[in-house]
Amino acid sequence: MDEQEFVQLLESLLLPDTDRVKSATSTLNKTYYTSPASLNALLQILCSHPKPELRQLAAVEARKLVDKHWEHLPADQKAALRNQLFQSILNEDFTLTRHSGARVVSQIAAKDFEDGEWADLPGYLQQAATSATARHREVGLYIIFTILELVGDSFPGQIADLYKLFSTTIQDPESAEVRVNTMLALSRLAMLLEPDEDPKALKLFQDAIPGMVKVLQSTVQERDEDHALQAFEVFQTLLGCESALLQKHFGDLVKFMMELASSTDIEDDYRSQALAFLMQCVRYRKLKVQGLRIGEDLTLKSLQIVTELGDLSSDDEDVTPARSALGLLDILASSLPPSQVVIPLLKALGPYFNNPNPDYRQAGILALGMCVEGAPDFIATQLHEILPMVLHLLEDPELKVRAAALNGIARLADDLAEDVGKEHGRLIPAMIKNFDLAANNLQAQNDERNLQIIRGSCHAIDSLIEGLDPEDAAKYVPELIPRFSKLFHHEDFKCKGAAIGAVGSIASAAEKAFLPFFEQTMQSLAQYVTIKESQDDLDLRGVVCDSMGKIASAVGAEPFEPYVRPLMEASEEALHLDHPRLRETSYILWSTMAKVYEEKFSPYLAGAVKGLVECLDQDETELEVQLGEEAKDLVGSEVVLQGRKIKVAAATDDDDSDLNEAAMGNDDDWDDIAGVTAVAMEKEIAAEVFGDIITHTRREYLPYLENTIKKLLELVEHSYEGIRKGAIGTLWRTYACLWGMAEGDGMAKWKPGLPLAVEPSDDLKKLGNVVMTATMSVWQDEMDRGTVTDINRDVAATLKLCGPAVLMTQDGTAVPDMAQQLLSIISKRHPCQQDLGDEGDEDILEESSEYDWLVIETAMEVITCLSVALGPSFGELWKIFEKPVMKYASSQEPTERSAAVGTIAECVGNMADACTPYTTTLLKLLLHRLSDEDPETKSNAVYGVGLLCEKSANETEILKSYPTIFSKLEPLIDAQDQARLLDNTAGCVSRLISKHPDKIPIAEVLPRLLQLLPLREDYEENKPIFSMVVKLYQANEPTIQQLTPQLMAIFEKVLGPPEEQLEDETRTQLVELVKYLHK
């Protein structure tokens, strides 16, 4: 081997000359690297060459060749090399070369340990790690860390010895590097630790945590940025390990990080890191955080940090403590119950809104905006207090506070459009006033503060207007459209986009009232449909496309017809402009067009299906990005390459990053924490759009259906929850759509119960089987609560619409498995209700965040719809659900009681006389709830009592309770402000009369009942009411004969508009009765 040429070739790799580098790489690979002598030569260079950059390169290259050549070197040569290499790395002056050299040592050690060689290495490492020379200690620990990374449990010797060593080195008095390397090594041990199998190791690890916290503390105090970031990363890693590791110190750790985040005397980067850790805590350990009851403290401290925000520039995207604190508030609100986050926040807001310092007023409204999405139901109950404060802030003397107030309204309206929309009469004029003031005061095109108000007004109106009825929205069309249209040609792209987006939403809300402005708006926007010169152009084109879709659904098919073809052509071209957001916009436009044109969308179906299938076929493998040390500022951020967002990983000291190796070794381990690419988000939208197109184009879609179902089934177990959710949702919608078409073609209406009374077609059976099987495979292990919630909704809606056929799969009935899933959810034992790493044996917490409750509430909907599909045969299943559902019926939370009592009532109605064995227990509970303080719960209980009395065959028990029932119903008749309660009371009494007319004083009861008619809200109860009325007339009951004049007036009202007051069958009965009475 020509050693001189070999060294020259390596030196060529360091030159800034691409051709020389390519040529040298080729020669090395073909001529030298095929021989074991090349590894020996590289190790000699690493140990003794005078140039540090060449030593570093030799380390990188040698590490790649160890697996290939090490075992082929002569034994005596290997022995000499081990010793030489170890000594040279101990004494290496350059950190990067030291680290690269250490990785070569660990690579060789990994091979040797397999072959039972280098047995004295652990002893040398122990000596190095306890040496009097700090450099030796640093290297010894770094090698231990890298060997643990590679060999894990196969590290020779006792793990307890390592813990003993680390308990000393974590307190190293001289070197931060020794302390941090110890932390890195401990984080590897954490990944290997199985607490149940090794309680001693668990205790040793837990004992190490206070020392690890001290290391982090000292790196932060000393402003040692590199080491501090490594220490933070270790703690982030521990959150992904078994939860028992941090359990003992978890509360202290959270408090320590919050104190760090709140300390204004340390650097912002460290504070943001502490907040990032807290976000992960709340995300992955929310039950622990909730159990510690520290949500309020985290909320109030975050609110205080938000006051540091300063001016809210839309272009500034730097990570700051204030921005991170807003992110933490968002996660807190969606993860913890309102009592720990939203309630303390609202209590604190008064002083913030009234603070003379504008930073506090701004912080208050921004914090509120961040919490709406997490607790919309609770915030809706507080709007009467919140909105006056927000209106006051819209008149604040400070521009930035007004901008924040507009942001707050947009966020409130995004999640509570109808509730906030009720105040449009006060809110919209205040926003127009802000808009006009800013437009008139605009000093120049770059007057960012006034532009912010203009954009903010557009965004707020955009969100708010969607919650208005068409008649209310129509009032604002002449005021808003001319104002916003002026901005269509503004120089600021964001202003232009905000105005165009708002006009689309105004059109969508106002519907036909937008027609006078339709032609002019479309002409103004037409120029933007095909722009593509810059990134800004493409962004704007996407907004225009969205807006035109909304305009189409507002004005309807006929007026929009001339614009369809050019818009569809532009949307198909947009797929090839390398802009993910624009592609998504095209898919959403196709969805809208399918809704507007239904079967008439068929000329465009082939193109749309092709575009959506190509989207689903895109490759999602991460693009590998090699970054040098200079690019380390980008680490952790996202860059767009070839139209894809790529998360930038840290620059490594060689080509084979450790993460890649780990990922190669076990793909499954990385699934849960894989980043979401722009391609994955695009596929999510495509999967949902398929559902819209299939359900609206119906028969026209059939030629494409088989291939589409195949594509969707491939996505059901995708690593990104959005895609799983979209694919499963579309499969269920497709089944329901085909079922509806089959019934339209003459298939008999389904009947409740199994075995099936009505057999569907073979195609429907086949589709039902694949949809149910695919759903069950995801449902039982799904960690994402949003996906479980959506599956619950999909299954419930389909059972209600299509009956029990879908419950039959090729393996028999899916009912037992489904019942187990639902039971685990309502018992809070489902994987989506556990912390990451928990086994579900933790104490169950009583309170839930609104999203956690939604999982349970939608599971109860599935239980109800199972009872619809199964009818009387559901009686057996109720045994499984009775206890947990009844427990919620006695909850402290009114929403939980109301949902549970509603579920009980519906199930009783659906299982009919199969409810008889449960009569005593259910009657006792429902009677108790007739006195509930919550009107909804009380109303559901009234409904339930009526159904139980009607359906149960246990007449002794029922009749015994009649006096109690009437005594509890009587006071309810005075609740004139609660329409639903009165309607249900009327329905309940009617059922009682129908079942036992001879046991009720009709002469007393009937006149009171008529006072509650006609019903005002719950029209379903008209069925039992008028069924009872007809029965009494048929029996020639004297009281009803006397009340005929009053009844005729009621009949006239219910037979008139609105149509939905009566079902067809009830309407026919009534018309017959009225004819009879007129005779």
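## Starting point: helices and loops

Helices here are DSSP runs of type H or I with at least four residues, and strands are E runs with at least two, both numbered from the N terminus. Threonine 320 has 21% relative accessibility, so it counts as partly exposed; buried means under 20% relative accessible area, exposed over 50%, and partly exposed in between (1.4 Å probe, protein chains only). Threonine 320 and arginine 271 are 49 residues apart in sequence, and their C-alpha atoms are 8.3 Å apart in space.

A word on the model: it is predicted, with local features needing pLDDT of at least 70 and side-chain atom pairs counting only at pLDDT 80 or more, while totals for chains, interfaces and linings use all residues. Residues are numbered from 1 along each chain as its sequence is written, and side-chain values use heavy atoms, leaving out hydrogens and water.

## Aromatic rings

Rings of Phe, Tyr and Trp (its six-membered ring) pair if their centres lie within 6.5 Å; planes under 30 degrees apart are stacked, over 60 edge-to-face, and the rest tilted. By this rule there are 19 aromatic pairs. Phenylalanine 6 and tyrosine 33 make an edge-to-face pair, with 6.4 Å from centre to centre and 75 degrees between the planes. This pair links distant parts of the chain, 27 residues apart: phenylalanine 6 is in helix H1 (residues 3–12), and tyrosine 33 is in the loop between helix H2 (18–32) and helix H3 (36–48). Phenylalanine 6 is buried at a relative accessible area of 1%, and tyrosine 33 is buried at 6%.

Phenylalanine 560 and tyrosine 563 form a tilted pair, 5.7 Å centre to centre with 50 degrees between the planes. Because they are three residues apart in helix H31 (residues 557–574), about one helical turn separates phenylalanine 560 from tyrosine 563. Both phenylalanine 560 and tyrosine 563 are buried.

## Helices that meet

Let's look at two helices side by side. Helix H30 (residues 535–555) and helix H32 (residues 580–597) pack at an angle of about 10 degrees, with axes 9 Å apart; axes are lines fitted to C-alpha atoms, for helices over the stretch in contact, and angles run from 0 to 180 degrees between N-to-C directions. That makes H30 roughly parallel to H32 (under 35 degrees is roughly parallel, over 145 roughly antiparallel, 65 to 115 roughly perpendicular, and the rest oblique).

Contact means heavy atoms within 4.5 Å. Residues of H30 including Leu538, Arg541 and Cys545 meet residues of H32, among them Leu582, Ile588 and Val596.

Asparagine 450, in helix H26 (residues 448–465), is buried at 8% relative accessibility. Leaving aside residues up to four places away in sequence, asparagine 450 touches Leu399, Ala438, Asn441 and Leu442.

Most residues other than glycine have a negative phi, and most peptide bonds are trans.

Aspartate 578 has a positive phi of about 60 degrees although it is not a glycine. Aspartate 578 is in the loop between H31 and H32 and is partly exposed, with a relative accessible area of 43%.
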